[in-house]
Amino acid sequence: MQIDSENLGVIKEISELYLKLHEPKKALSALQTAYRKDHENTEILGLLASSFFALEQPDKAKSVYEEMKKLFEDKNLINEAREVGKKNMELEGKFSTPVT
């Protein structure tokens, strides 16, 4: 399927559909195109993090969340930055191995 790389809204919608259909690799491919066009789009970054999470790549998801948090902080959007920080902590909890 050819995706119009100029229309980030379409890429976002297609990526959301791929994620709902449990096709995170396809979503990731489209999202990487969108990221190259607008690397400060927090919606795209959120979907990227979700794709990496679905692909069981927590380090990459965490990196994306950290990037989102910094963008929010730079724009003085403190509440949004906190929410992303919480998501990042939840992610760590889901993929950490218990100490025995």
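Student: At what angle do α1 and α2 pack, and how far apart are their axes?

Tutor: This is a predicted model, in which local features need pLDDT of at least 70 and side-chain atom pairs count only at pLDDT 80 or more, while totals for chains, interfaces and linings use all residues. Residues are numbered from 1 along each chain as its sequence is written, and side-chain values use heavy atoms, with hydrogens and water left out. Helices are DSSP runs of H or I with at least four residues, numbered from the N terminus. Axes are lines fitted to C-alpha atoms over the stretch in contact, and angles run from 0 to 180 degrees between N-to-C directions. Here, α1 and α2 pack at about 160 degrees, with axes 8 Å apart. Angles over 145 degrees count as roughly antiparallel, and α1 and α2 are therefore roughly antiparallel to each other.

Student: Which residues of α1 and α2 make the contact?

Tutor: Contact means heavy atoms within 4.5 Å. From α1 come Leu 8, Ile 11, Ser 15, Tyr 18 and Leu 19, and the residues of α2 include Pro 24, Ala 27, Ala 30 and Leu 31. By class, this contact of α1 with α2 has nine nonpolar, two polar and two charged residues. In this classification, Ala, Val, Leu, Ile, Met, Phe, Trp, Tyr, Cys and Pro count as nonpolar, Asp, Glu, Lys and Arg as charged, and the others, Gly among them, as polar.

Student: How do the axes of α3 and α4 cross?

Tutor: The axes of α3 and α4 come within 8 Å and cross at roughly 160 degrees, which makes α3 roughly antiparallel to α4. Among the residues in contact are Leu 45, Leu 48 and Phe 52 of α3, and Val 64 and Met 68 of α4.

Student: Which residues of the largest nonpolar core touch the most other members?

Tutor: A nonpolar core is a set of buried Ala, Val, Leu, Ile, Met, Phe, Trp, Tyr and Cys residues joined through side-chain atoms within 4.5 Å; buried means under 20% relative accessible area (1.4 Å probe, protein chains only). Of the 22 residues in the largest core, Leu 31, Leu 45, Leu 48, Phe 52, Val 64 and Met 68 touch the most other members. At least two core residues come from each of α1, α2, α3, α4 and α5. Leaving aside neighbours within four places in sequence, Val 64 is in contact with Leu 45, Leu 48, Ala 49 and Phe 52.

Student: Is Ser 51 buried or exposed?

Tutor: Ser 51, in helix α3, is buried, with a relative accessible area of 0%. Beyond its neighbours within four places in sequence, Ser 51 is in contact with Leu 19, Pro 24, Ala 27, Leu 28 and Leu 31.

Definitions and conventions:
Buried < 20%, exposed > 50% of the residue type's maximum accessible area, 1.4 Å probe, protein only. Parallel < 35°, antiparallel > 145°, perpendicular 65-115°, else oblique.
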